[in-house]
Structure formats: C-alpha cells, structure tokens
Amino acid sequence: MKQSASLPRTILAPVLLGVLAVALWQLAVVALEIKPFVLPSPVSIATEFSSSVSSVWTSSLVTGANALIGLLIGAIVGIIAAIIATVLPITDELSAPLVAAASVIPIVALAPVLYTMFGADKETARQLVAALAVFIPVYLNTLRGLRQARPVHRDLMRAYGASSWQATRAVTLPGAVPFLFIGLRIASSLAVISALIGEYFGGPIGGLGKSITSAAASSNYSLAYAYVLGAIILGLVFYVVTLGLEKLVSPHRAPSTGP
Amino acid sequence: MTRTGSPLVRRVLLGVLGVVVLAAVWELYKALGPATGVMIGDLTVLPRTSDLAMPHVWDMVARLFRPVRSAGDDELMWQAVLEASFFSLGVAAVGWLVGVVVGMLLAIVMQRFRTAESALLPWIVLSQTVPLIAIAPLVKRWGSQIEIGEFSWENWMSVALIASYLAFFPVSIGALRGLESPDVNHVELMRTYSVGWWATLIRLRLPASVPYLLPALRLAAANAVIGTVVAEVSIGLRGGIGRMIVEYAAAAGGDPAKPWAPIFGAVVVGLLAAGVVALIGLALTRYRRGETPA
Amino acid sequence: MSTEPAASGHAVAQGQPVASARPAAVSVAGVGKVFASRKGTDVTALEAVDLTIAPGEFVSLIGPSGCGKSTLLRLIADLDTPTSGSIEVFGKTARQARIDQAYGIAFQQAGLLPWRTVRANIELPLELHKVGKADRAARSSELLALVGLSDFADKYPDQLSGGMQQRVAIARSLAESPGLLLMDEPFGALDEMTRERMQTELVRICAETGAAVVFVTHSIPEAVFLSNRVVVMSPRPGRIRDVIAVDLGRAEGRDEGLREADSFFEAVVAVRESLHGESAGAPAARGVDIR
C-alpha cells in the first residue's frame, strides 16, 4: 500500500495540471491559428457560455429531467428485480445471460424504434433508454450486495434464532447498501449520458444534445462547446448529488470505491 | 459475471430460453394490450399494439430474409446487416486497441510517478462521470485538417477516435489498480533480488494486474461499441450500423420491421466484442490464479 | 548478561563467534533505527545493537512484539536503512550484499507468484539474474529434490498446502546458493505439527548447504531446536538483552528425538528465563516458569 500523498500534492497537482492544460489550449489555438470548427479557444467558449447561460440552463433542464426520470425508474426496477432474483433463484438463472448480454450491447440502438413506439414528439423514448441503461448496473450491483452476507454473520443470526426477516433486516440489507451505491454512482452518470445520446437519434428538440447538433449545424462552434460544457456540468451535478446521498445514508463509511 | 459451476452449454440454453420468454412477453402484450397503448394523461406509458408500432416477432425475423429494398434483387437484409455490423465492429476494434494502449501507458506512468498519479487520476475519474460523448457531432470536421504526406484522415477514423476516447478511461483506472495490487511481500521480494523498476513491472506488476485489467477491458469494449454507434450517427458514417439504424428507422412507416434488423446487428456487435475480451481472459487464465493454499 | 552454566556443561557464551579466517556472515555494529512519525512521537525500534554471526552459524532472534527483531532482519536485508551504526554482510555493506545477491530471504507469507508453477517460482531469482534455461532447470530440479517436492514441480501455488508453499519459498531462497539465509517467521502461519516437521527439514537443509541463517521467531522451542545461538531481544527500545548459546550438537544430529531430550528442555528454560527476565520495577522473577 502506498503511503498517502501529502495534502498539497493531492490538491495542487491536479489543479495545476488543469490550469496548465487550459492555458496551453488557449495558446495553441491562438499560435497555431486553429479554426473554430476544429477547436474553439477556451476564452471564446467561456464568453459564449456566459452570454447563453439561460438557453444552456433550459436545455439542461430538459435533458436533466429525462435523466432523472430514467434514473428513478431504472433504479427502482433494478432494486426490486435484484430482490426478486435473490428470493426466487430461478428468475436469476433465466435472466443472467440476458443481463450479461445487455451490459455489453449499445442500448441506445433501441432509441429509434422506441421513438416509433412511444411517439417521436415525446420524451418517453429517451427516458426509457436512460432507465434501461440505469437498470443494469443497479440490478447487478444490488444483487451482488444482497448475496455477499458473510458466513460468520449468517451463523451469528442463526445462533440467535433470528427469523429470516430479522436476519434480512439486520444483516443482508445493511450489507447490500454500499453495493447499491456503487451501482447508483455508475448509473447516475449513465443516465445523463443515455438521455443525451438518445437525443442524437431523433425526437423532440429542446435538450442539450439537440442544441449541440443544431449549433454545430449552423457553424456556431463556440456555442456548441458551451452546450457541451453544460452537459459536463449536468453530469457532475448528478454525480455529486449521488455522492451526497451516499454520505447521508452511510455517514460512517468512506464512499465505496468503484468495481 | 461468470458463475463457477454453471457450464457454458447450460448458460447458453438458459439465455435462449430467456430470449424466448422476452419474445413471448412482447407477443402477449401485443395480443392483450389496448390498441392505443396505455396512457396516463398525455403520456404514453405503454406502447400502442398496432403492427406499425409493434411488429410481430416473427415478422422481424422474416424481414431479415427478404431483400433490403422491397422491390428489386438487392442483397438480403441479413447480409446487409452483417456487413454493416462487421464494419462497425472493425472500427470499434481499432478504437478499443488505441484506447487500451493509451490507457495502459497512462497507468504505467501513474504507477511510476506518484506526482503523475496525483495530477492525472482525479481528472480521469471525473471524466468517467461526464458525458464526453456530447462532442461527437463536433469531431466530424477535425479530419479534414489533418493530412500528413500520403496519409489522409478518413471519417471512420473520427469514429474510432471517439471510441478510443471512451475506452481508455476504464482501462487506465483498472490497469492502475492492478499495477498497484501486488502484496508488499512480493514487491519486497523483488527488491531483495535487486532488480529495477522495469523488471518488477514486467515480472510482477503486469501479471498481477490481469484480474483487474480484464473487467476493465470488457467495459472498454462495451464503451467502444457505444461510442462507435453514436459517433457513426453523429458523423453519418456510411457503411456503419449506426447510420443504418437511423436510416431504417425513418423507413418504419412503410416497413415496420425494417428498423429492428440493424438493432439485431448492434446486439451482435456488442456480443462479439465481449466475446473477444472473454477469449483474451481465457488465454490469460493462469494469471487469474490466487495465492490461498488448497 | 550470561546464562548460568548448567550442570550438563552448556557453554557460557556472550555471543562470541568461532574465530574464522573468512569475514563474518553478518556484522552488526552499534545499529539503531528510529521511525519518525508525523505526530512527533518517534519510535525507537532498535538501539545500540551489536551482533556478529559466523559463516555457517544458525542464529535465532526471539522476543515479544515490538522488540525490533523483524526490523533488524530487514536492516540486514537492506529493505530499510539504519539511522545509526553499520551493518556488513560478508564484509560488504548491506546494500552491496543485496546487489551482489549474497543472501536468500523467506517471509512469513510464502509470497509465491500465483501465476507461476512451483518450478517457475523456484527459478524466479535465476531468471531475473539471467541464468540460462538448462542451468535453471538443473538447479530447480536439485532444489525440488532437496525439499521433497519433485512430484509437484508443475503445480500452481493454489494447489499446494501452506506447508508445501513454505517449502517452495525456502527452495527459492536457496536458488542461488547464498551463504546467508534471512528468514522472518517462515513457519508462523503453519499448524504445530507441520511446523515441527518443517523445522526438522530446515535443519537438514542448512546442514547440507552450510549457509548461515538469521531466523526470526516467536516460538522458544523452535528457536532452541534450530539454532547454535539464540538472541533474546526486549522492546521499548528494541535491544539485545541476552545471547544464549545452545549447544545441542551438530545440525545433522538434531532429529525428532531431540525434542524430548533433557538438554533440549534445559535450553528452553534458559531462553524462557531470559525472556521473562527483569523488567524495570518488576520483582526478580527467577526460577522455572510453570507454563
């Protein structure tokens, strides 16, 4: 195990790197006369962003709402499915190959047919794509969490003559919570990404994805990148909120590291 | 993912059974559900059951064996889909390879220099949480700028670039964790043998990182496929499955089963990509053994 | 402090090695090791340690937790540097000795690389030092026979028991025929029966190879069974309290029967008394410990 790096190193180094990268970027664009349709300068992106904050905000709300609905639906269904899979192992056996396959295929490929099924003027298709993308990591991680009760804890419950419901409440459920949050953290980023990508495949205008495409189409690349910045901020917000939720629920535990 | 004790044949059979169950649920809803779908207010919660919105499963399959354009003697749908699938798989593979190489190089640098790790790792972790794929529509024009002698940038390279961008993040994190995983005992053993950092890397850290690398490679493959499909749509790359998906979806009005064919193709691409990584895992079995005595 | 000469005529020694023309295997002079901690409370792991080990001699380091025995071993192995004093291995600095591969080492955890077969694990140091394939194979066959694992050459570590893994680790430490073996509680993770078996094995192997050994242990019977001399250490700060010569005959003669001999028990008592000897303020606790 490495000794923990000193505090200045942990904070200073990445911040310094970030500042350096942006500075170099600005320099390169000016010095090499890079055209804006290749890469606009950070300064022009920042100016566009500040002048279009309100439209970035509204677009973010649309995409963010889709992501949130997808996150909620996918997470709830994922948790319930994981519980069912633990209680009825046959469902798990049947679904395991399907879920494994689903975790490697591009779910967004379903977006166009979903638009046909649910209406190309509705946001439902994007929410469903997000929900599907969220379901998989939440289901898999919650399942893993429910399954990993340590044998010594199980023996302890048995020795105390606890009923299976008591054992579940005292040992299994609390033990599964950190795994649930690993899944949620992956899922929250996936929800935003999926909601965004869904917009590239069609559907109504108004979201960040559509805004990026239309800004690019009208050669306003600085504006397009401003929307990209908005998307990045949206992703960060979701991540931080999920992290905060985890801290709230399990304050005693350090945030679980990823899989 | 693999559960020991479940033979491959059984898992495949159960998988097929699962697909059958899925198809059965589809048909059941189509038969029993309301024609206008289930609506809550203005929102369609469950889809309409008409043949236009939800073609029969057997129609989807049958469509694969008819020519691409309803009139004329084109190649059959399944052939066109397979062609496009392999095209996309190839592009994704290039992206994945580049991503894996870059990711591993980054991980090695971060393991060697603690300052590099402190500086780079937070950005890498953060980048996994943000939708970098948002820039997909913006990379289309990059290629036209780059012309080195005989080499000219092609559109598919832009797609591969995006795929590699999405692939290298999980690889660098997984590889770093793997390179730092060896027990203190093992590292000190290498020290007593007075071998330098490079030999320790080759003989100890790289083999020890395999169990961490394989899941990362799998995730990178899935990301590369997604990146390829989305970039193909944004860039409009001819020959790829992404563009085919969007193109055929536009024709859904007259040919409802058509859009489903390239979806099957995309599934095949994803499964093949995961299959290749699984094969790599098989080849590296001996590096996945543990230390605990029998 | 020296031990009292027992009636059976045990040698009284103050850690004086047999005079020899060859340089001492290990020469520790005035060594101290202080671990600085961020909170300002420095830990003196070792203080003013002097010890000389002759070639071919088996010396055990024993003492309670915190007495610095493992730290001393690590200093000899150049896995750490002393804050004061000097250490010489076969006349060279510890660092040079490590670079010249003058010693072999075995830890409490066997530390076998799980992806290498038993044979490949034993060959690891040879591979790292560019020994040819045929020579490596010959040497590993020799060593496998020495530790009695010839039939397991192509097995992987997770297919072996704990005791067998340790035997592989010992074979590996002998791969380059070092004149010095450093061992940090190699049998600590094994059950008692296996442990005794391994001790007999080790004594035999050391007799055959003639290597000097520095052996860290928690177990008094183990130290007495294996060693020519037992170095008793005490904690806070870590230092040598006593060096007890154990004259139980040559290594070849040490077999299972020795464990039940009177001379063995007397040596154990001597070591135990030294271990439980006066600490500051405690009443003198002389006499046989009932445990």
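Me: In strand 8 of chain C, which residue is the bridge partner of C:Ile62?
Reply: C:Thr217 is the bridge partner of C:Ile62 in strand 8 of chain C. Keep in mind that this is a predicted model.

Me: Which way do strand 3 and strand 8 of chain C pair, parallel or antiparallel?
Reply: They pair in the parallel sense. Strand 3 covers residues 58-62, and five bridges tie it to strand 8 of chain C.

Me: And how many bridges join strand 7 to strand 8 of chain C?
Reply: Five bridges join them, and the two strands run parallel. Strand 7 spans residues 180-184 of chain C. One pair to look for is C:Leu180 with C:Ala212, its bridge partner in strand 8 of chain C.

Me: Is strand 8 of chain C covered or open? How many of its residues are buried?
Reply: Strand 8 of chain C, residues 212-217, is mostly covered. Six of its six residues are buried.

Me: Which residues point which way from strand 8 of chain C?
Reply: C:Ala212, C:Val214 and C:Val216 point one way. C:Val213, C:Phe215 and C:Thr217 point the other way. All of them are buried.

Me: What about the open sheet of four strands in chain C, what is its order?
Reply: The order is 2-1-4-5, with antiparallel pairing. Strand 2 (43-53) and strand 5 (92-93) of chain C are the edge strands, so to speak: each pairs on one side only.

Me: How many bridges do strand 1 and strand 2 of chain C have?
Reply: Seven, in the antiparallel sense. Strand 1 is residues 26-35 of chain C. In strand 2 of chain C, C:Leu51 is the bridge partner of C:Val28.

Me: Which domains does the assignment give for chain C?
Reply: Domain 1 is 20-102 + 183-277, and domain 2 is 110-177. Their centres, taken over C-alpha atoms, are 25 Å apart.

Me: How many residues of the two domains of chain C are in contact?
Reply: Eleven residues of domain 1 of chain C contact eleven residues of domain 2 of chain C. On the domain 1 side, the classes are seven nonpolar, three polar and one charged.

Me: Now chain B. What are its domains?
Reply: The assignment gives domain 1 (1-54) and domain 2 (75-288) for chain B. The centres of domain 1 and domain 2 of chain B, over C-alpha atoms, are separated by 30 Å.

Me: Which pair of chains has the most contacts?
Reply: Chains A and B, among the two pairs of chains that touch. Chain A and chain C do not touch, and their nearest C-alpha atoms are 11 Å apart.

Me: How many residues does each side give to the contact of chains A and B?
Reply: Chain B gives 54 residues and chain A gives 52 residues. Several elements of chain B supply at least two residues each, including helix 1, helix 7 (197-235) and helix 9 (260-283). By class, the chain B side has 40 nonpolar, ten polar and four charged residues.

Me: At what angle do helix 4 of chain A and helix 1 of chain B cross?
Reply: Roughly 90 degrees, with axes that come within 8 Å. That makes helix 4 of chain A roughly perpendicular to helix 1 of chain B. Chain A contributes A:Glu93, A:Leu94, A:Ser95, A:Pro97 and A:Leu98. The chain B residues include B:Arg11, B:Leu14 and B:Val21.

Me: Why is helix 5 of chain A largely enclosed?
Reply: Because eight of its eight residues, 111-118, are buried. A:Tyr115 and A:Phe118 are among them.

Me: What do those buried residues pack against?
Reply: In chain A, helix 6 (124-147) and helix 8 (164-200). In chain B, strand 2, helix 8 and helix 9. Just after helix 5 of chain A, A:Gly119 takes a positive phi of about 100 degrees.

Me: Last one: where does A:Ala224 lie?
Reply: In helix 10 of chain A, residues 221-249. A:Ala224 is buried, with 27 other C-beta atoms within 10 Å.

Me: What does A:Ala224 touch, leaving out residues up to four places away in sequence?
Reply: A:Ile212, A:Ala215, A:Ala216 and B:Leu138. A:Phe118 is 106 residues from A:Ala224 along the chain, and their C-alpha atoms are separated by 29 Å.

Conventions: Residues are numbered from 1 along each chain as its sequence is written. Chains are lettered from A and ligands numbered from 1 in the order in which they are written. This is a predicted model: local features need pLDDT of at least 70, side-chain atom pairs count only at pLDDT 80 or more; totals for chains, interfaces and linings use all residues. Axes are lines fitted to C-alpha atoms, for helices over the stretch in contact, and angles run from 0 to 180 degrees between N-to-C directions. Angles under 35 degrees count as roughly parallel, over 145 as roughly antiparallel, 65 to 115 as roughly perpendicular and the rest as oblique. Two residues are in contact if their C-beta atoms, placed from the backbone, lie within 7 Å. Domain bounds come from an automatic or database domain assignment. Ala, Val, Leu, Ile, Met, Phe, Trp, Tyr, Cys and Pro count as nonpolar, Asp, Glu, Lys and Arg as charged, and the others, Gly among them, as polar. A residue is buried if 20 or more other C-beta atoms lie within 10 Å of its own, exposed if 12 or fewer, and partly exposed in between; C-beta atoms are placed from the backbone. Two strands pair if DSSP finds at least two bridges between them.
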